[in-house]
Every structure is written in structure tokens, then in C-alpha cells.
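Subject: Model for your files, with notes

Hello,

Please find the model below.

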Number of protein chains: 2
Amino acid sequence: MVKRTSHHEADCLIARPLDAIGDWWSLLIVRDAFDGLRRFGEFQKSLGVAKNILSARLRNLVAHGILETVPAPDGSAHHEYVLTQKGRGLFYVLVALRQWGETYFSGPGEPYTFMVDTLTGRPIKRLEVHAEDGRQLAPGETRLADFRNRETE
Amino acid sequence: MVKRTSHHEADCLIARPLDAIGDWWSLLIVRDAFDGLRRFGEFQKSLGVAKNILSARLRNLVAHGILETVPAPDGSAHHEYVLTQKGRGLFYVLVALRQWGETYFSGPGEPYTFMVDTLTGRPIKRLEVHAEDGRQLAPGETRLADFRNRETE
DNA sequence: CCACAAAGGTTTCAAATTGAAACCGCTTGC
DNA sequence: GCAAGCGGTTTCAATTTGAAACCTTTGTGG
């Protein structure tokens with residue numbers, strides 16, 4: 001066995017992100033970071049993950065620029081982990097995953113949480129994919145296209 | 001070591017989906033399925049994954065109701081793997097992941113693909129999160145709220 | 001009809017990863 | 001001054017991964 005496969009060099013821009021967050025724990029750490037968790041111990045308690053694993057995941061997330069370490073505000077020698085802008089960009093992935101989970105993974109009648117608009121307390125709308133002109137697009141109405149350079153954007 | 005951790009019973013509706021698709025390959029299989037791939041051999045060639053691993057992942061995806069097997073249309077004894085409705089629900093996850101990848105993982109000047117509107121060939125809009133009343137919401141403007149029963153929906 | 005090839009897996013086995021628990025160093029709190 | 005807590009690292013066995021070999025069921029050429 002050579003090495004655990006990495007998608008780092010894949011052409012596909014779905015594959016490459018999985019290199020950074022495509023394991024069982026990383027996305028949950030990011031979710032907790034969105035919930036305001038910052039300390040090693042907080043993540044460990046929330047996730048119940050072994051400390052060596054958490055340590056490796058945090059290091060990987062920092063290496064990928066998803067989290068960054070900042071000095072602890074209480075003046076202690078320790079530091080805290082906070083989301084970078086890149087890390088906050090995962091918000092839409094989390095929302096999409098959560099909406100899918102709400103639809104297909106919630107047992108009937110079980111205690112249940114929604115994402116809600118903080119201002120009104122009402123559930124947010126489902127994600128939709130829209131064309132440039134505003135038309136809503138179904139999965140079959142999109143495809144991938146190649147552009148040689150970014151200037152076509 | 002007891003067993004590889006499963007999020008199957010987690011309360012969190014982000015964690016539970018990861019049980020179904022939270023490994024290095026499953027989401028790429030789903031991506032290929034959206035691209036129209038259906039046969040074992042097609043997935044294997046596209047992903048370059050070992051056959052035993054692909055076999056296990058396809059079985060898992062079928063067990064989770066994300067793919068289903070259908071008889072091959074050419075009358076051969078083999079079957080094909082196609083997305084279920086639940087599987088097609090992952091479209092938004094893939095779009096979110098891809099847009100994140102486009103933003104943060106594409107090297108400068110490298111050949112590049114976009115998701116485009118099939119009708120016009122123009123890139124699709126970025127995902128946005130909206131409140132019930134249509135206001136666009138930033139990451140910090142949402143939270144999770146508990147509802148005892150689904151009837152509050 | 002028989003040999004041979006291809007598709008679609010399964011089996012085998014070594015190497016890598018995971019996880020639980022023990023350990024370690026540094027600050028506090030008492 | 002000493003125990004406790006935080007934030008990890010180390011150790012080591014169980015599990016998972018991946019490459020390659022193998023098997024089984026059709027399809028095909030001679």
C-alpha cells in the first residue's frame with residue numbers, strides 16, 4: 001500500500017476540497033467552530049474524539065488555512081482556533097449538508113433542530129441554484145464547462 | 001480500538017449524513033453519478049480507486065438509499081447504479097463544495113471549469129442563504145433552534 | 001464446441017490510519 | 001509546594017485501505 005489516497009492534485013474542484021475536509025471529523029470541527037467553539041478542550045468534549053485524532057485534524061485544518069490559531073484572549077499561554085475567511089466559506093456546504101440531513105435523516109417525531117434566521121426565529125429557506133438571469137435551475141439543468149483562462153469569468 | 005467511529009446515532013443532522021458520505025470516495029462517486037456514470041467499470045476508471053474499495057462504497061451508498069441498482073438496459077446480466085431522489089438531493093452539497101473549491105482551490109491560470117446553466121452556457125450564481133422573507137443571510141445571522149415536533153414547520 | 005477475453009466483483013495480505021489510554025510539560029489554585 | 005487542569009504527544013493494538021491476484025459469469029471468435 002503506497003499511501004492513503006490524496007485528491008490534492010485532482011483536476012476536479014470537488015475532489016480537491018475533500019483533501020482538506022473529506023474525513024469523518026473535519027467538517028464537524030468546522031461546524032463546532034461556527035457554533036463558537038475555540039478551545040482544544042471544547043472541541044474534544046463536543047465531539048468525543050480521541051485527542052491525538054483531534055490534534056491531527058486541527059493541524060490539518062490549520063495547514064489548509066481553514067482554521068488559524070490566535071493567542072488566547074485570557075492571557076494564558078494557550079491559543080484558540082478560529083475560522084479564517086476560507087473556513088467561513090464552508091458555511092454553504094454545512095447548510096446544504098444540514099438541509100439534506102433534515103430531509104432524509106431525521107427520524108419521525110424525534111427532537112429536531114432547524115437552522116433559523118436569528119432575527120425572526122423562522123426557518124431559513126431551502127438552498128436553490130439560480131442562473132445568472134435569476135431562473136431557478138434543477139440539477140439536470142447545469143453542466144460543467146471548461147474555460148481556458150479566468151478572464152472569461 | 002473499538003471500531004471506526006460512526007456518527008449514525010449522533011443528534012446532529014450534519015453528523016448523521018457524514019455516516020453515509022463522509023469518506024474520501026463516496027461524494028466523488030455521487031459526483032460521477034450526476035455526470036451520468038452508471039457502471040462499476042466506469043466509476044472505477046473515472047476514480048482510479050481499487051475495486052474492493054469501490055465495491056464497498058457502492059454497497060454503502062446503496063444501503064443508505066443514495067444509489068440504487070437497476071438492471072442493465074442492454075439486457076446483460078449486470079446492473080447499473082443510479083441516483084435515487086435522496087441521492088439527487090446531494091446536488092446542493094456538491095454545488096456548495098464546488099463553489100468553495102473554485103474560490104479557494106484553483107491555482108492561478110490553470111485550466112478551469114465552472115458549473116454553467118445548460119441553456120445559456122453562463123456560469124450559475126453563487127449559492128446564497130435566504131430568510132423566509134427573502135432577506136439574504138450571512139453566516140452569523142443564522143442559528144440552530146429546537147422544535148419539539150415537526151408540526152411547527 | 002472450445003478457447004479466450006471482458007465485466008464485475010471477492011479474496012488476500014502488507015502498509016497506513018484510527019482510537020484508547022498512558023504519559024508529559026506547563027500553568028494555575030490552594 | 002503540590003495537586004489538578006489544559007493541551008497536547010506517544011504507544012500500541014484493532015481496523016481500514018489499497019494493489020494485485022483470483023474467481024465467476026457471460027460474450028465472442030474460430
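This is a predicted model: local features need pLDDT of at least 70, side-chain atom pairs count only at pLDDT 80 or more; totals for chains, interfaces and linings use all residues.

Residues are numbered from 1 along each chain as its sequence is written, chains are lettered from A and ligands numbered from 1 in the order in which they are written, and side-chain values use heavy atoms, with hydrogens and water left out.

Chain A overall

Chain A has six helices and six strands (DSSP runs, H or I of at least four residues for helices and E of at least two for strands, numbered from the N terminus). From the N terminus on, their order is α-α-α-α-β-β-α-α-β-β-β-β. Of its 153 residues, 46% count as buried (under 20% relative accessible area; exposed is over 50% and partly exposed in between, with a 1.4 Å probe and protein chains only). Contacts are heavy atoms within 4.5 Å; among those in chain A between residues at least 6 apart in sequence, 41% join residues at least 24 apart. The accessible surface of chain A is about 8000 Å², and carbon and sulfur atoms hold 50% of that surface (Shrake-Rupley method, 1.4 Å probe; for residues, only the protein chains shown count as cover).

Helix α4

In chain A, α4 covers residues 51-63, and its end C-alpha atoms are 18 Å apart, in agreement with the 18 Å that its 13 residues should span at 1.5 Å a residue (the expected span is 1.5 Å times one less than the number of residues). A:L54, A:L58 and A:L61 are buried in this helix. Down the helix axis, the buried residues of α4(A) fall within an arc of 65°, so they line one face (the arc is that of the directions from the helix axis to the C-beta atoms). They pack against α1 (15-21), α2 (26-34), α3 (40-47), β1 (67-71) and β2 (79-83) of chain A. The face turned away from them carries the exposed residues A:N52, A:R59 and A:A63. After the helix comes A:G65, with a positive phi near 75°.

In chain B, α4 (residues 51-63) has B:L54, B:L58 and B:L61 buried, and B:N52, B:R59 and B:A63 are exposed on the other side. B:G65 follows α4(B), and its phi is positive, near 75°.

The core

Which residues touch the most other members of the largest nonpolar core? Among its 80 residues, they are A:I21 and B:I21 (such a core is a set of buried Ala, Val, Leu, Ile, Met, Phe, Trp, Tyr and Cys residues joined through side-chain atoms within 4.5 Å). Leaving out residues up to four places away in sequence, B:I21 touches A:L97, A:W100, B:S26, B:L27, B:L61, B:I66 and B:L90. In soluble globular proteins, nonpolar side chains tend to be buried together.

Two single residues

B:N60 sits in helix α4 of chain B and counts as partly exposed, because its relative accessibility is 28%. Beyond its neighbours within four places in sequence, B:N60 is in contact with B:D19 and B:A20. B:N60 and B:I21 are 39 residues apart in sequence, and their C-alpha atoms are 8.8 Å apart.

B:S106 lies in the loop between α6 (91-104) and β3 (112-117) of chain B. With 13% relative accessibility, B:S106 counts as buried. A polar atom of its side chain is 3.1 Å from the backbone oxygen of B:E102.

Regards

Conventions
A polar contact is a pair of N or O atoms within 3.5 Å; within protein, one must be able to donate a hydrogen and the other to accept it, and residues adjacent in sequence count only if both atoms are side-chain atoms.
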